[in-house]
Amino acid sequence: IVFELNSREIIEDKNVMKFIRECHSMGVRFAFDYFGGGANTIKAAKALKLDFVKVNAFHFPITDKEKLKELIIIAQTAKEVGIPLIAERVEDQQFIALCKKIGIELVQGFGIAKPSASPTYKPAA
């Protein structure tokens, strides 16, 4: 199980780190949503012992050179400190190829597969 956290949750709630430690001991992992801050944010996520950092592909359009530079720095820093990145909302093969090229190994989004209903799933009555 992986829960997503944003920086506001960690900063505003003094009990979050205790909760994270307790959950880690039960095998639960945490992903931190990246909302800016560059390499320092990635290093802070690692220092807080979070398990993943999630970057939203919509914030890094391939046509925006400055945003791509930021994404490359984030990917390099994540690799250096040993925290995996997850690219979310990936919608095309071009962005998947970019992720592979810069070392983002985990991706999710419609570019991988569209959601579908499970044929065996039956909602509770």
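Which residues of the largest nonpolar core touch the most other members? In this predicted model, that core has 31 residues, and those that touch the most other members are Ile42, Leu50, Val55, Leu71, Leu85, Phe95 and Ile104. At least two residues of this core come from each of helix 2 (16-25), strand 2 (29-33), helix 3, strand 3, helix 4, strand 4 and helix 5. Valine 55 illustrates how such a residue is surrounded: leaving aside its neighbours within four places in sequence, valine 55 is in contact with Tyr34, Phe60, Leu71, Ile74, Leu85, Ile86, Ala87 and Glu88.

At the start of helix 4, the backbone nitrogen of glutamate 66 has a side-chain oxygen of aspartate 64 within 3.1 Å, while after the helix comes glycine 82, with a positive phi near 80°.

Glutamate 66 also takes part in a salt bridge, its side chain meeting that of lysine 69 at 3.6 Å, N to O. Because the two are 3 residues apart in helix 4, about one helical turn separates lysine 69 from glutamate 66. Glutamate 66 counts as exposed at 55% relative accessibility, whereas lysine 69, with a relative accessible area of 48%, is partly exposed.

Helix 2 also contributes to the core, and its own buried residues are Val16, Ile20 and Cys23. Seen down the axis of helix 2, these buried residues fall within an arc of 70°, so they line one face of the helix. The exposed residues Arg21 and Ser25 are carried on the face turned away from that buried side. Helix 2 is followed by glycine 27, whose phi is positive and near 95°.

The charged pairs complete the picture, for a search of the whole structure finds 6 salt bridges. One of them joins lysine 54 to glutamate 4, with the closest N and O atoms 2.7 Å apart. This pair links distant parts of the chain, since lysine 54 lies in strand 3 and glutamate 4 in strand 1 (residues 2-5), 50 residues apart. Lysine 54 counts as buried because its relative accessibility is 3%, under the 20% limit, whereas glutamate 4, with a relative accessible area of 40%, is partly exposed.

Another salt bridge is formed by aspartate 51 and arginine 29, whose closest N and O atoms are 3.9 Å apart. Here too the pair links distant parts of the chain, with aspartate 51 in the loop between helix 3 and strand 3 and arginine 29 in strand 2, 22 residues apart. Aspartate 51 counts as buried at 18% relative accessibility, while arginine 29 is partly exposed, its relative accessible area being 31%.

Note on methods. Residues numbered from 1 in each chain as written. Heavy atoms only, no water. Polar contact = N/O pair within 3.5 Å; in protein donor to acceptor, adjacent residues only side chain to side chain. Helix = DSSP H or I, 4+ residues; strand = E, 2+ residues; numbered from the N terminus. Core = buried A, V, L, I, M, F, W, Y, C linked by side-chain atoms within 4.5 Å. Buried < 20%, exposed > 50% of the residue type's maximum accessible area, 1.4 Å probe, protein only. Contact = heavy atoms within 4.5 Å. Arc of directions from axis to C-beta. Salt bridge = Lys/Arg side-chain N within 4 Å of Asp/Glu carboxyl O.
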